[in-house]
Amino acid sequence: MMLYPPMGSLVEKVGSRYLLVNLVARRAREISAKAEEEGEIIEKKPVSEAIDEVYSGKLKIKGE
């Protein structure tokens, strides 16, 4: 089974798997909390949305 986007590409953008997991988890919680506050229905899973943001370069680690 192939994952998209590839894990290697995501790790390259962030620096390590540990940082990637923490970044994606934190952003997914933010997406979920915002949707809950505003009463929105989430079309896409928050983790998938966060991964897409990392892959597109929209989400980065502070200090980079």
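At what angle do helix H1 and helix H3 pack, and how far apart are their axes? In this predicted model, helix H1, residues 7-14, packs with helix H3, residues 46-56, at an angle of about 65°, and their axes are 9 Å apart. Angles of 65 to 115 degrees count as roughly perpendicular, and H1 and H3 are therefore roughly perpendicular to each other. The crossing in which H1 passes H3 is left-handed.

The residues that make this contact can be named. From H1 come Ser 9, Leu 10, Lys 13 and Val 14, and they meet Ile 51, Val 54 and Tyr 55 of H3. Sorted by class, the contact of H1 with H3 holds five nonpolar residues, one polar residue and one charged residue.

The wider setting is as follows. The protein chain has three helices and zero strands, and its elements run α-α-α from the N terminus on. Along the principal axes, the C-alpha atoms of the protein chain fill a box of roughly 35 × 35 × 20 Å. The protein chain has 64 residues, of which 22% count as buried. Among contacts in the protein chain with a separation of 6 or more, 52% are between residues 24 or more positions apart.

H1 also meets helix H2. The axes of H1 and H2 come within 8 Å and cross at roughly 90°. That angle makes H1 roughly perpendicular to H2. On the H1 side, the contact is made by Met 7, Leu 10, Val 11 and Val 14, which meet Arg 17, Leu 19, Leu 20 and Leu 23 in H2. The residues of this contact of H1 with H2 divide into seven nonpolar, no polar and one charged.

Which residues of H1 are buried? They are Leu 10, Val 11 and Val 14. Viewed down the axis of H1, these buried residues fall within an arc of 100°, so they line one face of the helix. The buried residues of H1 pack against H2, residues 17-38, and against H3. Leu 10 and Val 14 are listed in the contact with H3, and Leu 10, Val 11 and Val 14 are listed in the contact with H2. After H1 comes Gly 15, with a positive phi near 125°.

Glu 53 lies in helix H3. Is Glu 53 buried or exposed? A residue is buried under 20% relative accessible area, so Glu 53, at 6% relative accessibility, counts as buried. Apart from its neighbours within four places in sequence, Glu 53 is in contact with Arg 27, Ile 31, Lys 58 and Leu 59. Of these partners, Arg 27 and Ile 31 fall in the residue range of H2.

Tyr 4 is placed in the segment before H1. The relative accessible area of Tyr 4 is 66%, and because the limit for exposed is over 50%, Tyr 4 is exposed. Tyr 4 and Leu 23 are 19 residues apart along the chain, and their C-alpha atoms are separated by 18 Å. Leu 23 is one of the H2 residues that H1 meets.

Conventions
Residues numbered from 1 in each chain as written. Predicted model: local features only at pLDDT ≥ 70, side-chain atom pairs only at ≥ 80, totals over all residues. Heavy atoms only, no water. Axes fitted to C-alpha atoms, helices over the stretch in contact; angles between N-to-C directions. Helix = DSSP H or I, 4+ residues; strand = E, 2+ residues; numbered from the N terminus. Parallel < 35°, antiparallel > 145°, perpendicular 65-115°, else oblique. Left-handed = near helix turned anticlockwise from the far one by under 90°. Contact = heavy atoms within 4.5 Å. Nonpolar A, V, L, I, M, F, W, Y, C, P; charged D, E, K, R; others polar. Buried < 20%, exposed > 50% of the residue type's maximum accessible area, 1.4 Å probe, protein only. Arc of directions from axis to C-beta.
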